[in-house]
Amino acid sequence: MAQLLDPVATRSRSMRSGRPVKRALTSRWAYLFVLPALLVFLVFSIGPTIFAFALSLFNWNYLNAAMSKFVGLKNYVDLVKGTRDPSFWSTMWTSAQFVIPMVVGGTVISLLLALLLSGNSPVLYGVRTAVFLAHVTPFVGVSIVWVWLFNPRYGLVNAATALFGMAPRDWLGDPKTAMFAIVVFSLWHEVGFTLIIFLGGLTTLDKTLSEAAQIDRANKLQEIWYVILPQLRPYTIFVIVISTVFSLQAFTQFFVMTGGGPGFSTATLGFAVYQQAFIYRKTGYAAALAVVLFALTAVLSLLQLRASRNTGR
Amino acid sequence: MTRNPIRGLATLLVAGSMVLLSACSGSTAGSTPSASALPSLDPSKQTTITFMEAMSSGAQQAALKKMTADFEAQHPNVTVQLQEQPNYGALQTKITAQVAANSAPTIAQVYENWADELSSSNVIVPLDEYVASSKDYKDFYSGIQADMKLRDGKNWMWPFNKSVVVQYYNESLVPKAPATWGEFAQTAKSVSKNGVVALSIDPGSETSPAGGTALFEILAESFGTPVFAKDGTPQFDSDAAKKALNYLVDLKKSNALALGTNYPGQTALGNQTGAFDVSSVASYPFNQKAVGGKFVMGVAPLPAGTAKTANQLAGTNIAMFSSADDQQKAAAWAYMQFLTSPAEMAYWASQTGYLPVVKTAMDEQAMKDYLAKNPWVGDVVKQLDTATPLPPVSYVNKASGALSTAISSAVNGTASVDDALAQAQAAGKKAASES
């Protein structure tokens, strides 16, 4: 996670050889110092993850484990065949409808905001703080607030759209608009985080390159396109990967705002794991979904590491 | 030889996981009580029992605490620990987690479909022998007696907080409660103007069907066919179901119906942008608070349909867990009987708005006083003989969830009534076959 949060540090560490790490692991003191953190990690993260792998091979009775049956890969076969409601493939499509606008929209918006807000003035500081504040608000609390903003009878969103002559809509209750409404809310909440990453990236730019471009009479757009964006590449890759991982794992807004509905129109992969395990009580199948989510997340994290290394060369 | 600590750790975890699985496989879930002898409460032994419940706010919390304190005063050797949960969703999750961890409460509030799952997993005890020993059971309303049983015909639950659905209305807009659903539609359309939409409902979602779906289910039964057959088979595409959904669509087209979330009927009634709220009798104190004396709120039984006057029995029962020892079971049984005794039921109903499950509670002074202030309760309580609960099958929530989607789609105009109900029927049958 530390690597994920600091692409530059990742790059610099990865450029060193692995020998110091190997040497550290031969020391008994090293084990002693990391033991407390390792135990917590084992009990609350690694252990349950391995247990979830095991559960995915069972038709698991969550109330009485003695009545559970080993079914091998049946849960995975059901998953691939799409026999459950909602089917795995429709869940993946729903996830894509959330992940793509979150990654593309979030990256573009936060990059543009970063370019606009990267100066040093009290007003810009204030605006940056305001955008970031949305990200640190409690997710459940603001989700409930947005439920009321989208309320079809009393909501501010319909009041605002009415000014443009639009008829009131049941934003969260209509399958055509529910995902759009959640994406709008999620972007509002998440852009503050990616904005900070881009602002950090902008502070590391080599100013001499921009000065050279200006001497060569490049206009502002050309400077951004040919000079600034190439230098921001590791940060952009990091934002894309971290946004994809966060979006795949998103749960709270779906739980609070739509319950995965209407129908299954907002039941993404992350929500479907909860839905199958704790609503429909299909624990083994839910574990299989969780394994797939784990695999997707792991692949994306590896890609991010690979991309960070490549940009470091 | 070079040791690989990562590989060793992984091996240890996998092994630990397998041990855990096999340990779980070896666990037992307890046994059912002997048919010949019920456990008896030994007054010389101190016993503590736990009651996991969701009566965690307002009058419900205060009333249950007082009743529990009164029981403990009568049984000094018994301590009842109330394990409050904030809502029914959290209650179900907590029950599940504690049962899975072999740490079940002694008794808990349960819905009928939860009891079906719990009994299938052998973690609650059948109550037939207990029921046979009860002196109050014969005075329970017949709908309540039926609600205590699961599909196997055995009594698995003991009644507690039961309710039916009623219509709340703004008397300044609706002087007299409609007697039929036809009259209801006529009245709703006539008062829906100047910012008023007569009725707001929340159908809920696929995972959590809500009061709007219950209203649809009642309408379908009122028009001739309940949405579930007696054996639990979904019959969502019957003519009666189509009539019920067309009824709601017609109200929406006349601007007399709105869909919403978070008790929209109560909110609209309270802020005078609605004329009706159709919800449980247990909403009475909450609706009164929402209205806040701005107008007189009328309460009446649900209107009659073309086939019958239907209603849905709601609220939970109490189940006893098999992991309790005999002394705890005896204490829990004494407590459960105490809660449904006529005097306690009269107190409970008068404080919370829930209905008394035992007929003789109506003779208690507390209930007489309550009836004098709320005469509508007298008509409503009679429906405990005729109201029917949703079938006690584990898939009922998922199947009803499909109905909530059908209601939203048809009312919002994204699907025709026939298509919406056909899809719900297919989903309901699939849910039944997967259970």
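**Figure 1. The open five-stranded sheet of chain B in the predicted model.** In this predicted model, 5 strands of chain B form an open sheet with mixed pairing, and their order across the sheet is β2-β1-β3-β10-β4. The edges are taken by β2 (78-84) and β4 (158-163) of chain B, each of which has a single partner strand, so one side of each is left without a neighbour in the sheet. From one strand to the next, the twist averages 20°.

Figure 2. Strands of a sheet pair through backbone hydrogen bonds, in either the parallel or the antiparallel sense. Helix α2 (residues 58-74) of chain B lies across β1 (47-53) and β2 of chain B, and the helix runs at about 165° to β2(B). Strand β1(B) is mostly covered, with 6 of its 7 residues buried.

Figure 3. The secondary structure of chain B comes to 17 helices and 10 strands. Its radius of gyration is 24 Å, close to the 22 Å that the globule rule gives for 435 residues, so chain B is as compact as a globular protein of that length. The C-alpha trace of chain B spans about 80 × 65 × 35 Å along its principal axes, and buried residues make up 53% of the 435 residues in the chain. Of the contacts in chain B between residues at least 6 apart in sequence, 74% join residues at least 24 apart.

**Figure 4. Two loop residues of chain B with positive phi.** Asn122(B) has a positive phi of about 60° although it is not a glycine, and this residue is placed in the loop between α4 (112-120) and α5 (128-132) of chain B. With 21 C-beta neighbours inside 10 Å, Tyr263(B) counts as buried.

**Figure 5. The contact between chain A and chain B.** The contact takes 36 residues from chain A and 36 residues from chain B. On the side of chain A that touches chain B, α4 (28-55) and α15 (269-279) of chain A each supply at least two residues, and α4(A) gives the most, with 5 residues. By class, this side of chain A has 18 nonpolar, 12 polar and 6 charged residues.

**Figure 6. Two cis peptide bonds in loops of chain A.** The peptide bond from Asp85(A) to Pro86(A) is cis, with omega near -10°, and Pro86(A) lies in the loop between α5 (74-81) and α6 (88-116) of chain A. The peptide bond from Gly261(A) to Pro262(A) is likewise cis, with omega near -5°, and Pro262(A) is found in the loop between α14 (252-257) and α15 of chain A.

Figure 7. An unreviewed UniProt entry lists several spans of chain A as "transmembrane region", among them residues 178-203 and 224-248. In the model, residues 178-203 of chain A are 100% helix and 0% strand, with their end C-alpha atoms 38 Å apart. Residues 224-248 of chain A are 96% helix and 0% strand, and the end C-alpha atoms of this span lie 30 Å apart. The UniProt annotation "domain: ABC transmembrane type-1", again from an unreviewed entry, covers residues 92-304 of chain A. That span is 75% helix and 0% strand in the model, and its end C-alpha atoms lie 21 Å apart.

Note on methods
Residues are numbered from 1 along each chain as its sequence is written. Chains are lettered from A and ligands numbered from 1 in the order in which they are written. This is a predicted model: local features need pLDDT of at least 70, side-chain atom pairs count only at pLDDT 80 or more; totals for chains, interfaces and linings use all residues. Helices (H or I, at least four residues) and strands (E, at least two) are DSSP runs, numbered from the N terminus. The radius of gyration is taken over C-alpha atoms; the globule rule is 2.2 Å times the number of residues to the power 0.38. A residue is buried if 20 or more other C-beta atoms lie within 10 Å of its own, exposed if 12 or fewer, and partly exposed in between; C-beta atoms are placed from the backbone. Two residues are in contact if their C-beta atoms, placed from the backbone, lie within 7 Å. Ala, Val, Leu, Ile, Met, Phe, Trp, Tyr, Cys and Pro count as nonpolar, Asp, Glu, Lys and Arg as charged, and the others, Gly among them, as polar. UniProt positions are given in the numbering used here, feature names are shortened, and annotations may be inferred rather than shown by experiment. Two strands pair if DSSP finds at least two bridges between them. Axes are lines fitted to C-alpha atoms, for helices over the stretch in contact, and angles run from 0 to 180 degrees between N-to-C directions.
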